[in-house]
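Hi everyone, thanks for coming. Please have a look at the sequence and the structure on the screen, and then I'll walk you through them.

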Amino acid sequence: MLPVVVVHGGAGQIPNERAEASCAGVREAARKGYEILMSGGSAMDAVVEAVAMMENNPLYNAGRGSVLNWKGEVEMDALVMDGCTLACGAVSAVRRVANPIYLARLVMDKTSHVCLTGEGAFKFARAMGIPEVPEESLITEYARKRWKDNLNPEADHVQNQMGKMGTVGAVAVDMQGNVTAATSTGGMLNKMEGRVGDTPCVGCGGYADNQFGAVSPTGHGEAIMKVTLSRLILFYMEQGKSPEEASDMALTFMLERVSGLGGVVVVNPKGTWAARFNSKQMAWAAVQQEKLHHGLYQERILPSLYSSHQADC
């Protein structure tokens with residue numbers, strides 16, 4: 001079953017005019033990660049490069065294309081985790097960096113810390129030679145429009161949140177059986193300045209352990225944090241559940257306990273994988289044994305706030 005890479009482009013409701021491009025983006029990212037694995041690269045290399053590709057794609061809420069906080073500024077979070085050693089690195093509320101996922105990996109590789117935030121993270125990026133980019137280069141017209149729409153006192157804030165593109169992430173297993181996870185996001189639309197969601201929090205926005213597997217989630221960050229979604233899924237897998245069963249159990253618990261919508265991509269050390277969600281949509285793709293799998297809608301309905309069922313993109 002080895003190796004495999006599985007990516008997601010965010011859970012929620014994707015506008016019809018952006019759906020196919022979102023699906024194409026996750027397929028490209030999955031192919032990129034798989035090429036790295038098949039050339040002998042590590043699972044960490046595969047997930048980082050897959051996520052970086054989506055950070056560079058303005059369709060997603062990560063890197064270029066990130067949503068804006070209430071002041072109209074970009075603040076981004078990212079996390080990587082290595083299942084072999086449990087090494088991890090994260091950044092939160094970072095600005096003026098094109099690829100926060102690269103910075104998160106440097107935190108893991110070059111410091112004794114797990115997470116750097118804000119200006120401290122930016123100073124570390126500068127020390128590591130990561131170039132500063134103009135904030136305007138990270139802001140799309142689409143993101144600016146959604147920000148302005150949500151400032152209107154009469155705005156439908158629920159609809160505006162669901163209309164955004166989502167957090168991106170990836171999990172992988174390499175030829176040596178090592179598992180890894182990576183997640184990156186621009187956060188919540190019109191969030192308070194300094195708000196940090198689940199993404200840079202170990203066990204919430206991602207987790208990887210060679211003994212059990214790896215998880216990268218997407219969805220409502222506060223809900224994911226309350227149930228430590230990624231670690232909860234691996235707890236169920238420790239009890240003998242498959243990646244799909246564990247994902248469904250954890251997503252159902254999150255919905256019932258804290259009304260949380262979201263999705264996950266999951267792998268176990270043998271290469272069995274799952275892409276599951278209880279939101280209306282989640283763009284995802286996986287490559288294994290030279291075969292590409294992908295989707296946008298649920299193949300089998302999970303407990304959800306939605307009842308519609310449509311074919312994969």
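**A walk through the model**

Let's start with T167, which is found in the loop between α6 (157-162) and β5 (168-173). Here helices (H or I, at least four residues) and strands (E, at least two) are DSSP runs, numbered from the N terminus. Before we go on: this is a predicted model, where local features need pLDDT of at least 70, side-chain atom pairs count only at pLDDT 80 or more, and totals for chains, interfaces and linings use all residues. Residues are numbered from 1 along each chain as its sequence is written, and side-chain values use heavy atoms, with hydrogens and water left out.

Back to T167: an unreviewed UniProt entry annotates T167 as "active site". UniProt positions are given in the numbering used here, feature names are shortened, and annotations may be inferred rather than shown by experiment. Is T167 buried or exposed? T167 is buried, at a relative accessible area of 7%. Buried means under 20% relative accessible area, exposed over 50%, and partly exposed in between (1.4 Å probe, protein chains only). R195 lies in the loop between β6 (179-185) and β7 (207-209), and R195 is buried, with a relative accessible area of 14%. Not counting residues up to four places away in sequence, its contacts include E75, M188 and E222. G197 is found in the loop between β6 and β7 too. At 2% relative accessibility, G197 counts as buried, and leaving aside neighbours within four places in sequence, G197 is in contact with D77 and M225.

Now for the strands. In β1 (residues 4-12), nine of its nine residues are buried. Which strands does β1 pair with? β1 pairs with β5 in the antiparallel sense over five bridges, and with β11, again antiparallel, over seven bridges. Two strands pair if DSSP finds at least two bridges between them. V7 has A170 as its bridge partner in β5, and V4 has Q288 in β11.

On to the rings. How many aromatic pairs does a search of the whole structure find? The search finds two. One of them is F235 with Y236, a tilted pair at 5.8 Å centre to centre and 55° between the planes. Rings of Phe, Tyr and Trp (its six-membered ring) pair if their centres lie within 6.5 Å; planes under 30 degrees apart count as stacked, over 60 as edge-to-face and the rest as tilted. F235 is partly exposed at 40% relative accessibility, whereas Y236 is buried at 16%. W273 and W284 have ring centres 5.6 Å apart and planes at 50°, so this pair is tilted. W273 lies in β10 (residues 273-277) and W284 in β11 (residues 281-288), so the pair ties together parts that are eleven residues apart in sequence.

There are also charges over rings. The charged end of R18 sits over the ring of Y142, 3.6 Å from its centre, and that of R96 sits over the ring of F122, 4.2 Å from its centre. For this, NZ of Lys or CZ of Arg must be within 6 Å of the ring centre and within 35 degrees of the ring normal.

Finally, a word on confidence. The chain averages a pLDDT of 92, and 91% of the residues score at least 70; pLDDT is the predictor's confidence in each residue, from 0 to 100. Over residues 304-313, pLDDT stays under 50.

Key. Contact means heavy atoms within 4.5 Å.
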